[in-house]
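User: I want to learn how to read side chains and strands in a model. Can we work through one together?

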Amino acid sequence: MVLVPFASLLLAHHARAVWDYVHRDFSASYAIYGAYPDAPVAPIAGDTKVAFRLTGAAAKDMFDAIGPDLAAGCPDPQIRLRNRDMLLCRHRPNDGYRCEFGFDLSTGLSIGASVGGAMCVQ
């Protein structure tokens with residue numbers, strides 16, 4: 001009876017072993033700012049943040065990995081939103097996938113890079 005769980009564990013490990021850890025190129029943009037994403041100002045020492053926006057295949061991979069869609073997403077049902085903590089991703093049929101996140105460069109902490117409704121309209 002001990003062999004059944006061990007065999008399952010061995011098969012699961014083998015299945016993961018065939019996956020290749022590969023860094024892939026991706027499309028992205030970023031903005032450095034101070035204050036808040038909805039009212040940005042010029043950055044200064046102690047108040048410098050960076051917002052990243054990924055698009056294309058990287059954004060799709062992230063969108064797929066963090067599902068499911070937010071129940072109370074956008075008013076437009078074609079815009080699908082997904083999030084985990086400070087990572088926000090969306091899919092819109094006419095422009096594809098987009099994920100946004102950011103960091104406070106003064107502290108290194110993760111921060112939100114987009115304001116709630118902004119993902120529904122841009």
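User: Is Tyr-30 buried or exposed?

Analyst: Tyr-30 counts as exposed because its relative accessibility is 59%. Phe-52, at 27%, counts as partly exposed. A caution on sources: this is a predicted model, where local features need pLDDT of at least 70, side-chain atom pairs count only at pLDDT 80 or more, and totals for chains, interfaces and linings use all residues. Residues are numbered from 1 along each chain as its sequence is written, and side-chain values use heavy atoms, with hydrogens and water left out.

User: How many aromatic pairs does the structure hold?

Analyst: A pair of aromatic rings is described by the distance of the centres and the angle of the planes. Rings of Phe, Tyr and Trp (its six-membered ring) pair if their centres lie within 6.5 Å; planes under 30 degrees apart are stacked, over 60 edge-to-face, the rest tilted. The structure holds 5 such pairs. One of them, Tyr-30 with Phe-52, is tilted: 6.4 Å centre to centre, 40° between the planes. Tyr-30 lies in strand 1 and Phe-52 in strand 3, so the pair ties together parts 22 residues apart in sequence.

User: How many bridges join strand 1 to strand 3?

Analyst: Strands are DSSP runs (E, at least two residues), numbered from the N terminus. Two strands pair if DSSP finds at least two bridges between them. Here 7 bridges join strand 1 to strand 3 (residues 49-55), and the two run antiparallel. Ile-32 has Val-50 as its bridge partner in strand 3.

Terms used
Helices (H or I, at least four residues) and strands (E, at least two) are DSSP runs, numbered from the N terminus. Buried means under 20% relative accessible area, exposed over 50%, partly exposed in between (1.4 Å probe, protein chains only).
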